Amino acid sequence: MSLEEAARQLKMAAHDSQVAFDCVGLGDLERAQEHVVTARAAADAASTALARAMEDMSPEQAQSAGELAVAALEEA
């Protein structure tokens with residue numbers, strides 16, 4: 001997995017966490033639980049991608065790839 005994928009998964013986890021939070025406020029606990037599960041899965045995928053990147057990339061490569069990943073997501 002790339003840093004772009006890690007960034008994308010983190011963005012998805014944040015979104016699903018916000019939806020879960022909103023569902024709790026609305027009392028829709030089943031839907032909140034579904035979004036908590038998907039947020040956790042996305043966070044786990046991001047963690048896996050980041051662990052792999054730490055093994056495979058130098059700090060300089062990570063900085064460059066990270067900047068590109070975040071820029072690509074901001075454009076989308």
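This is a predicted model: local features need pLDDT of at least 70, side-chain atom pairs count only at pLDDT 80 or more; totals for chains, interfaces and linings use all residues.
1. **Extent of α1.** Helix α1 covers residues 3-26, 24 residues in total. From first C-alpha to last, α1 reaches 35 Å. That is close to the 34 Å expected at 1.5 Å a residue.

2. **The two ends.** At the start of α1, S2 contributes a side-chain oxygen, which reaches to within 3.3 Å of the backbone nitrogen of E4. At the other end, G27 follows the helix. The phi of G27 is positive, near 80 degrees.

3. **Buried residues.** The buried residues of α1 are L3, A6, A7, Q9, A13, D16, V19, A20 and C23. Their cover includes α2 (29-56) and α3 (59-75). On the spacing: an α-helix has 3.6 residues a turn, so residues three or four places apart point the same way.

4. **Packing against α2.** The angle between α1 and α2 is about 160 degrees, and their axes lie 7 Å apart. The two helices are therefore roughly antiparallel, since the cut-off for that class is over 145 degrees. Their crossing is left-handed.

5. **Q9.** What does Q9 touch, leaving aside its neighbours within four places in sequence? Q9 is in contact with A42, A45 and A46.

Definitions and conventions: Residues are numbered from 1 along each chain as its sequence is written. Side-chain values use heavy atoms; hydrogens and water are left out. Helices (H or I, at least four residues) and strands (E, at least two) are DSSP runs, numbered from the N terminus. The expected span of a helix is 1.5 Å times one less than its number of residues. Buried means under 20% relative accessible area, exposed over 50%, partly exposed in between (1.4 Å probe, protein chains only). Contact means heavy atoms within 4.5 Å. A polar contact is a pair of N or O atoms within 3.5 Å; within protein, one must be able to donate a hydrogen and the other to accept it, and residues adjacent in sequence count only if both atoms are side-chain atoms. Axes are lines fitted to C-alpha atoms, for helices over the stretch in contact, and angles run from 0 to 180 degrees between N-to-C directions. Angles under 35 degrees count as roughly parallel, over 145 as roughly antiparallel, 65 to 115 as roughly perpendicular and the rest as oblique. A crossing is left-handed if the near helix is turned anticlockwise from the far one by less than a right angle, and right-handed if clockwise.
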